[in-house]
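Dear colleague,

I am handing over the structure below, and after it I set out what was found in the side-chain contacts. Please read the notes with the structure open beside them.

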Amino acid sequence: MRLSFLLLLLLFLVGVNDVEGASEFRVCAFNLHHFGESKTRKDAVMLTLSKVGFLDYIFTAGTRNCFRNCIVPQSCTELCLMIVCRTDTVTVTGKYQYPDTRPGNVDVFSREPFVVRFKALTTTVKEFVLIPQHTTPANTTKELDALYDVLQHVKKMWKTENVMLLGDFNADCGYLAKKNRKNVRLITDQRLYWLIEDKTDTTVRSSTSCTYDRIVVNGEAFAREIVPMSARPFNFQREYRLTEDEALDVSDHYPVEVLLKVVRSKFFNNGARGSTQESQLQLFSLFVCMCFVLQVFR
């Protein structure tokens with residue numbers, strides 16, 4: 001498969017069965033910096049990505065496990081978004097490309113937000129909306145503030161409060177000055193919960209410590225459906241004992257993840273144990289997240 005785009009932004013929703021028959025539904029975001037053909041030729045990089053994102057599992061056992069490439073919302077020129085669904089448990093119920101021509105937001109976004117609505121059988125909140133976004137560093141303050149308008153528009157359009165915004169927001173250090181935070185409604189609105197806290201390093205380079213990658217949840221009701229303290233970056237460098245240079249070959253960002261609460265039932269396991277490979281996936285997924293295009297599976 002030819003990968004010619006400059007930046008691959010991946011997002012996964014992951015639900016996996018644990019050994020007791022319950023499920024964990026994991027939402028992860030990973031900015032795969034400058035993911036192109038040269039990176040795919042590096043075996044060590046692809047091996048790490050297969051561990052972080054279970055790419056080997058998805059693509060070798062995809063048909064058997066109902067993984068499907070459901071949506072490619074826009075051309076893969078600079079930013080590529082796609083959705084992979086496990087269609088027996090996760091359903092895409094709506095998709096929407098926010099126009100960059102709305103009054104007050106004309107040409108504010110370098111990448112027009114693509115919004116997706118989901119229905120998941122295992123989560124306690126049955127329907128929810130994701131707004132993934134990668135802001136432009138030179139225009140972070142304006143884009144983050146404009147995301148608030150996207151949020152309000154989507155809530156009204158789909159009559160829902162269950163909305164999560166996530167991705168590489170560049171929401172720290174030199175790209176978002178402290179003096180500008182008061183001008184960002186996505187920050188000042190107290191009904192929004194920023195789950196990746198400030199001073200949490202989501203970057204690989206030892207010379208930087210910035211909370212660029214974020215997960216933001218709208219409303220107290222939806223926030224209650226989040227597993228407490230589950231939002232965090234996944235330090236794949238430490239986990240896989242990579243040098244800094246080896247990790248940077250993969251990305252200069254760590255994935256960020258959060259868990260949604262699930263219905264504790266053995267129904268979803270159908271009373272059966274999976275294969276050895278599936279069992280390894282179940283255990284591994286308890287502490288490893290996936291990657292950030294837009295990908296959804298269980």
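In this predicted model, Glu257 is buried, with a relative accessibility of 3%. Its partner in a salt bridge is Arg232, and the closest N and O atoms of the two are 2.8 Å apart. Because Arg232 belongs to strand β12 (residues 232-233) and Glu257 to strand β13 (residues 256-260), the pair ties together parts that are 25 residues apart in sequence. Arg232, for its part, is partly exposed, at 29% relative accessible area.

The count of salt bridges comes to 10, and one of them joins the side chains of Arg185 and Asp145 at 2.9 Å, N to O. This pair links distant parts of the chain, since Arg185 sits in helix α5 (residues 185-188) and Asp145 in helix α4 (residues 140-158), 40 residues apart. Asp145 counts as buried at 18% relative accessibility, whereas Arg185 is partly exposed at 31%.

A further salt bridge brings together the side chains of Arg181 and Asp198, at 3.1 Å from N to O. Arg181 lies in the loop between β9 (163-168) and α5, and Asp198 in the loop between β10 (192-194) and β11 (213-218), so the pair ties together parts 17 residues apart in sequence. Both residues also belong to a network of salt bridges that links Asp172, Arg181, Asp198 and Arg214.

Lastly, Arg111, in the loop between β6 (90-97) and β7 (114-120), is buried, with a relative accessible area of 9%, and a polar atom of the Arg111 side chain lies 2.8 Å from the backbone oxygen of His134.

Technical notes. Residues numbered from 1 in each chain as written. Predicted model: local features only at pLDDT ≥ 70, side-chain atom pairs only at ≥ 80, totals over all residues. Heavy atoms only, no water. Helix = DSSP H or I, 4+ residues; strand = E, 2+ residues; numbered from the N terminus. Buried < 20%, exposed > 50% of the residue type's maximum accessible area, 1.4 Å probe, protein only. Polar contact = N/O pair within 3.5 Å; in protein donor to acceptor, adjacent residues only side chain to side chain. Salt bridge = Lys/Arg side-chain N within 4 Å of Asp/Glu carboxyl O.
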